[in-house]
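Me: I'd like to learn how to read a structure feature by feature. Could you walk me through one?

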Amino acid sequence: MSNDLDPRLTPVQRFGKELARTRREHDLTQVVLGKRLGCSSSLVAHIEKGDRTPKPDFAAGCDQVFGTGARFARLCRSITSPSGPGWYLRWMDEIEPSARVLRSWDPLLIPGLFQTEDYARAVFQGDLAGASAQEVEDGVNARMRRQLILDSDAPPKVWALFDEMVIRRRLGTPQVMAAQLDHLVAIANRSYVTVQLVPFETPCTAGLLSSFIIAELPDAPTAVSVDSAGRGEVSAEHDFVAVIWDRYDRIRAEAYRPGQSLEMIEEARDQWKLQT
């Protein structure tokens, strides 16, 4: 799937853009595709333009014709029956993949973009009270897919702040924590990633209200995702973005230097390994 998604596209328009792109890749006309799907060429045209909402059977047919696994089925589900809050789906599918710079703050957890599968599983098992094993795994898989942007040909620059206590707060077993911090060290050594810890005794209270991410986009206004207990919000409204960016600057002013932060992470990792 194309990574240069326009963040202003709706889910219906995104489905249409991806359909048109994939059809052309397979050298099929709208008429031929319609015949293979058992529908009219005009329906194909309307869906590609974003004028009509695709149905699940249409999406499943596209995956069968193109051999795309469940790509179009997933795109269709994001339109008809989202598997999570709309704000999160919009952020994960439209905004984050298009960002050129991401700035984040997390007071309680390793950032989702940096979590290992086992750490993420421990997070979801604690957060989704009464959830089935499949629901937990769906959450883990969605988080792992989200991280693919870090391995793309043009990954965003990431500036990640999180509280010092995060690396010492046990989620899962000591083995899970040791592996998570090993992974974090590897991520932090990438040229486009900067990780900074914020001292737990900092007098700055700006970050105690919620975690957040600021996304700078190449051809759209800067957007923010703010996550607090029970709800989340995505916004590109200027005044709201300005408030969050000011909060980020005040938190970062209290942070340890990147090199010092990395040393602290390595030290905490070694301490977790002693407990395994």
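This is a predicted model: local features need pLDDT of at least 70, side-chain atom pairs count only at pLDDT 80 or more; totals for chains, interfaces and linings use all residues.

Me: Let's begin with the overview. How many helices and strands does the protein chain have, and what share of its residues counts as buried?

Reply: The secondary structure comes to 11 helices and six strands. Of the 276 residues in the protein chain, 50% count as buried.

Me: What share of the contacts in the protein chain comes from residues 24 or more positions apart?

Reply: Take the contacts with a separation of 6 or more: residues 24 or more positions apart account for 72% of them.

Me: On to cysteines. How many disulfides does a search of the whole structure find?

Reply: The general idea is that a disulfide is a covalent bond between the sulfur atoms of two cysteines. Here the search of the whole structure turns up zero. Cys62, for instance, is in no disulfide: the nearest cysteine sulfur belongs to Cys39 and is 7.9 Å away, while the cut-off for a disulfide is 2.5 Å.

Me: Are Cys62 and Cys76 buried or exposed?

Reply: Cys62 counts as buried because its relative accessibility is 0%. Cys76 has 2% relative accessibility, so Cys76 counts as buried too.

Me: Now the aromatics. How many pairs are there in the whole structure, and how do I read one?

Reply: A pair of aromatic rings is described by the distance of the centres and the angle of the planes. The search finds three aromatic pairs in the whole structure. In one of them, the ring centres of Phe15 and Phe58 are 6.4 Å apart and the planes sit at 50°, so this pair is tilted. It links distant parts of the chain, as Phe15 is in helix H1 (residues 11–25) and Phe58 is in helix H4 (residues 56–66), 43 residues apart. Both Phe15 and Phe58 are buried.

Phe15 also forms an aromatic pair with Phe72, this one edge-to-face, with 5.4 Å from centre to centre and 65° between the planes. Phe72 lies in helix H5 (residues 71–80) and Phe15 in H1, so the pair ties together parts that are 57 residues apart in sequence. Phe72 is buried, as is Phe15.

Me: Which residues do the ring pairs link into a cluster?

Reply: The cluster is made up of Phe15, Phe58, Phe66 and Phe72.

Me: Next, helix packing. At roughly what angle do the axes of H2 and H4 cross?

Reply: Look at how far apart the axes are and at their crossing angle. The axes of helix H2 (residues 30–37) and H4 come within 10 Å and cross at roughly 110°, so H2 is roughly perpendicular to H4. On the H2 side, Leu33, Arg36 and Leu37 make the contact, and on the H4 side Phe58, Gly61, Cys62, Val65 and Phe66 do. So Phe58 and Phe66 of the ring cluster and the buried Cys62 turn up again in this contact.

Me: And how do the axes of H2 and H3 cross?

Reply: They come within 8 Å, again at roughly 110°, which makes H2 roughly perpendicular to H3. Here Gln30, Val31, Leu33 and Gly34 of H2 meet Ser41, Val44, Ala45 and Glu48 of H3.

Me: Which residues of H3 are buried, and what follows H3?

Reply: In helix H3 (residues 41–49), the buried ones are Leu43, Val44, Ala45, Ile47 and Glu48. H3 is followed by Gly50, which has a positive phi near 85°.

Me: Last stop, the strands. Where does Ser210 lie, and where Ile213?

Reply: Ser210 is in the loop between strand E3 (193–198) and strand E4 (211–216), and Ile213 is in E4. At 8% relative accessibility, Ser210 counts as buried; Ile213, at 15%, does as well. Leaving aside neighbours within four places in sequence, Ser210 contacts residues including Trp105, Pro107 and Arg247.

Methods
Residues are numbered from 1 along each chain as its sequence is written. Side-chain values use heavy atoms; hydrogens and water are left out. Buried means under 20% relative accessible area, exposed over 50%, partly exposed in between (1.4 Å probe, protein chains only). Helices (H or I, at least four residues) and strands (E, at least two) are DSSP runs, numbered from the N terminus. Contact means heavy atoms within 4.5 Å. Rings of Phe, Tyr and Trp (its six-membered ring) pair if their centres lie within 6.5 Å; planes under 30 degrees apart count as stacked, over 60 as edge-to-face and the rest as tilted. Axes are lines fitted to C-alpha atoms, for helices over the stretch in contact, and angles run from 0 to 180 degrees between N-to-C directions. Angles under 35 degrees count as roughly parallel, over 145 as roughly antiparallel, 65 to 115 as roughly perpendicular and the rest as oblique.
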